[in-house]
Amino acid sequence: MSFRIIGTGSSLPSRVVTNDDLSTFLDTSDEWISQRVGISERRICTTESVAQLAHKAAKAALEMGGITPLELDMIICATISADYLAPSLACTVQQSIGANCPAMDINAACSGFIYALDTAAGFFARGFKKIMVLGAERLSKLIDWNDRSTAVIFGDGAGAMVLEAGDAYLSSKLQAKGNSDVLSIPQPIGHSVYYENEMPQPYIFMNGQETYKFAVNAMCADIIDVVKLAGLELDDISWVIPHQANARIIDTSAKRLGIAPERCLKNIDRTGNTSAASIPILCDELFRSGKLNDGDYIAMSSFGAGLTSAACVVRY
Ligand code: UT7
């Protein structure tokens, strides 16, 4: 027994930050960001907490799923930017929506949402009936806003899914190859009087080109593998939901796989890279677009710090 998706929801902060807004204090341009990354604007929290974004996404997913919070058997939240280290963001959401079930966070960076879906699949195999999975991030608090190589890329947002026991989760693949040189975010270290060594700044560090190469290779290999594991061909996949890290990564991977660009979905121009939230936000847009037909196969694929990657195939 695995699951099927019965509800989706998403939420973005209200403040739109355009490339031109960033050019007022960074040595960058709309032309560079649009051409190299494919982003025109992103949403950045001003007063919103990540818990508030997650709450709104969760409520929308419950409403679409037509279930009450008390029917949930578990809440799993993928995040690297929760408001608290403890309690988990999942516990905060559990309290705010009024659920009464176990709740926990998962950290697999940008691959976190698919890791969380796969974790949920394990609980469905144990007999759980309904699980909420979220991806929610406020990466704006982890950015050095003087660093143009990262500040232009990321955005804030949250997405949620309500899953019910079923047979629509057809295959998955999770990977990790431990590496903190390419992409990392050090934790703030505090002020112990005993510390003797210099502490790194608690901001996103990314070797863009190395990450880019890893991303394209992982996405192509992972999608081929999960499609095969599902007993399908690439042509059977109606929609690919890729992690929104760079429009060029998505276009290059689609071309390499021979997937038509219109089947490989993007919203990065409006959202930027929202890490673990990017896949559920895009899924919610697809679920509400009216484009889905019964039986459509959807492939999801993600990659990020770890270095991790993950992919899966679900049937609508
Ligand atoms: O979700 C986590 C996973 N993350 C990713 O998958 C990100 C993968 N990597 C990328 O998307 C791209 O590598 C970036 C968008 C991060 C960078 O694009 P790039 O084409 O690899 O640029 P680059 O790092 O090679 O830099 C090219 C030039 C450099 O200038 P010089 O040395 O050629 O004079 C940079 O200093 O672009 C410069 N540059 C910028 N210029 C204007 C870097 N950032 C900016 C900027 N505006 N924001």
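Predicted model: local features only at pLDDT ≥ 70, side-chain atom pairs only at ≥ 80, totals over all residues.

Visitor: Which helix supplies the largest share of the shell around the ligand?

Guide: That is α7, which contributes four residues.

Visitor: How many residues surround the ligand, and which are the closest?

Guide: There are 23 residues around the ligand, and the closest are Thr28, Arg36, Gln209, Asn246 and Asn273. Sorted by class, the shell comprises 11 nonpolar, eight polar and four charged residues.

Visitor: What is the distance from the side chain of Arg36 to an oxygen atom of the ligand?

Guide: An N or O atom in the Arg36 side chain is 2.7 Å from a ligand oxygen. Two further side chains can be described in this way. Asn273 places a polar side-chain atom 2.6 Å from an oxygen atom of the ligand, and for Arg248 the corresponding distance is 3.1 Å.

Visitor: And how much of the ligand does the protein bury?

Guide: The ligand taken alone exposes 960 Å², of which the protein buries 73%.

Visitor: Let us turn to Asn207. Where is it found?

Guide: Asn207 is in the loop between β10 (205-206) and α7. Its side chain reaches the backbone nitrogen of Glu210 at 3.2 Å.

Visitor: Why does Asn207 count as partly exposed?

Guide: Because its relative accessible area is 31%, and the partly exposed class lies between the 20% limit for buried and the 50% limit for exposed.

Visitor: A change of topic: how many salt bridges does the structure hold?

Guide: It holds 10 salt bridges. One of them joins Glu164 to Arg4, with the closest N and O atoms 2.9 Å apart.

Visitor: Which strands hold Glu164 and Arg4?

Guide: Glu164 lies in β7 (residues 156-166) and Arg4 in β1 (residues 2-11), so the pair ties together parts that are 160 residues apart in sequence. Arg4 is partly exposed, with a relative accessible area of 41%.

Visitor: With which lysine does Glu164 form a salt bridge?

Guide: With Lys130, where the closest N and O atoms are 3.5 Å apart. This pair links distant parts of the chain, since Glu164 is in β7 and Lys130 is in β6 (residues 130-138), 34 residues apart.

Visitor: Are Glu164 and Lys130 buried or exposed?

Guide: Both Glu164 and Lys130 are buried. Together with Arg4, they are linked in a network of salt bridges.

Visitor: Which residue does Asp251 meet in a salt bridge?

Guide: Asp251 meets Lys266, at 2.7 Å from N to O.

Visitor: Why does Ser88 count as buried?

Guide: Because its relative accessibility is 14%, which is below the 20% limit for that class.

Visitor: Which residues of α4 are buried?

Guide: Leu89, Ala90, Thr92, Val93, Gln94 and Ile97 are buried in α4. The buried residues of this helix pack against α3 (50-65), β4, β5 (103-106) and β6. After α4 comes Gly98, with a positive phi near 80 degrees.

Visitor: Lastly, what are the contacts of Ala151?

Guide: Ala151 is in helix α6 and counts as buried, at 0% relative accessibility. Leaving aside neighbours within four places in sequence, Ala151 is in contact with Leu22, Leu26, Ile143, Asp144 and Trp145. From C-alpha to C-alpha, Ala151 and Ile204 are 9.1 Å apart in space, although 53 residues apart in sequence.

Conventions: Residues numbered from 1 in each chain as written. Heavy atoms only, no water. Near = heavy atom within 4 Å. Polar contact = N/O pair within 3.5 Å; in protein donor to acceptor, adjacent residues only side chain to side chain. Areas by Shrake-Rupley, 256 points an atom, 1.4 Å probe, with all protein chains shown as cover. Helix = DSSP H or I, 4+ residues; strand = E, 2+ residues; numbered from the N terminus. Nonpolar A, V, L, I, M, F, W, Y, C, P; charged D, E, K, R; others polar. Buried < 20%, exposed > 50% of the residue type's maximum accessible area, 1.4 Å probe, protein only. Salt bridge = Lys/Arg side-chain N within 4 Å of Asp/Glu carboxyl O. Contact = heavy atoms within 4.5 Å.
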